[in-house]
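Let's walk through this structure together, one neighbourhood at a time. Keep the model open beside the text and turn it as you read.

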Amino acid sequence: MKKVLILIIATSLFAVLSKTKAMINEYEEITKSDKADITLCAKKMNEAYTDFKIIFKGGVLTRPYWINTTSPTWSPQIIYEDINKDGKNELIIILTKGTGTGILEREVHVFHIQNQRIKNELVEVPVEVLVDNPIAIVLKNVKTELSPNKAIISIGEKKFTINVKPLKIEPEHLFPDIYFGNLINFEINDNQLIAKIGGQISPAGGSIGGIQITYMFKDKMYQAKSIEFNPNE
């Protein structure tokens, strides 16, 4: 029963090459990988791309609820590297949902490549794997305090105290506490998935540094391996 269910799911998500062109005629090609046979297509609606198609080695995977800004500066990133040390490449797609003054909102999607038999043919199928939300990781593991004079960030036994007076922010313009959420970025560095979350004490000119989360694959998901704070110089 389990094998039948996997086959049904894979067949519904993954189309054969002969149907690829018909499925994406109304979509715009956004970006493609030079390292592998991977292309991203989507529909343009107002100032955003949505209803994504991932064309992976001739098959099509649908992600209707993904969103990415139409700005060429922030086109989706396709990365095809081994980030879980299993000797096989993973497909990593980084989207940019929003940008602006003091705002960068990105999200990551990681796919493990599995061999599955469809219609008597063995094909490689991308299967998405859960990545723990970086903001949830921060809220569970980072303690903060904020006053007109200093900002305090504690991670485990490490404590950072930052003098905020040089920023010259009036007390009435301070957030109630250090805020994480406007600046969320992802990158692959040394074959590791890394999230960088900016810390702010005020809507404008209030950046004090950022939390860096290095992920590892454990218990069938990507979760925090290490959490560090890097203050602004």
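The buried residues of helix α3 pack against β9, β12, β13 (192-200), β14 (207-218) and β15 (221-231). Buried means under 20% relative accessible area, exposed means over 50%, and partly exposed lies in between, with a 1.4 Å probe and protein chains only. Which residues of α3 are the buried ones? They are P134, I135, I137 and V138. These residues sit on the same side of α3, because they cover an arc of only 160° around the axis; the arc is that of the directions from the helix axis to the C-beta atoms. Turn to the other side of α3 and you will find L139 and K140, which are exposed.

Before going further, a word on what you are looking at. This is a predicted model, in which local features need pLDDT of at least 70 and side-chain atom pairs count only at pLDDT 80 or more, while totals for chains, interfaces and linings use all residues. Residues are numbered from 1 along each chain as its sequence is written, and side-chain values use heavy atoms, with hydrogens and water left out.

Three strands form an open sheet in the order β9-β10-β11, with antiparallel pairing; two strands pair if DSSP finds at least two bridges between them. Strands β9 (142-146) and β11 (158-163) stand at the edges with a single partner strand each, so one side of each has no neighbour in the sheet. From one strand to the next, the twist averages 15°. Helix α3 (residues 134-141) touches β9 and β10, and its direction makes about 75° with that of β9. For such angles, axes are lines fitted to C-alpha atoms, for helices over the stretch in contact, and the values run from 0 to 180 degrees between N-to-C directions. Contact means heavy atoms within 4.5 Å.

Within this sheet, β10 (residues 150-155) is joined to β11 by six bridges.

A second hairpin is worth a visit. Strand β7 (residues 103-118) and strand β8 (residues 121-129) run antiparallel and are joined by nine bridges. N115 stands opposite E124 in β8. This hairpin also has two residues between the strands, and K119 takes a positive phi near 55°.

Positive phi values turn up in loops as well. K85, in the loop between β5 (77-81) and β6 (90-100), has a phi near 60° although it is not a glycine. K85 counts as exposed because its relative accessibility is 71%. K168 lies in the loop between β11 and β12 and has a positive phi of about 55°, again in a residue other than glycine. With 74% relative accessibility, K168 counts as exposed.

G181 is in β12 (residues 179-189), and leaving out residues up to four places away in sequence, G181 touches I135, I197 and G198. The C-alpha atoms of G181 and E105 are separated by 7.9 Å, although these residues are 76 residues apart along the chain. In β14 you can find Q212, which counts as buried at 17% relative accessibility. Beyond its neighbours within four places in sequence, Q212 is in contact with I194, A195, K196, S226, I227, E228 and N230.

Notes. Helices (H or I, at least four residues) and strands (E, at least two) are DSSP runs, numbered from the N terminus.
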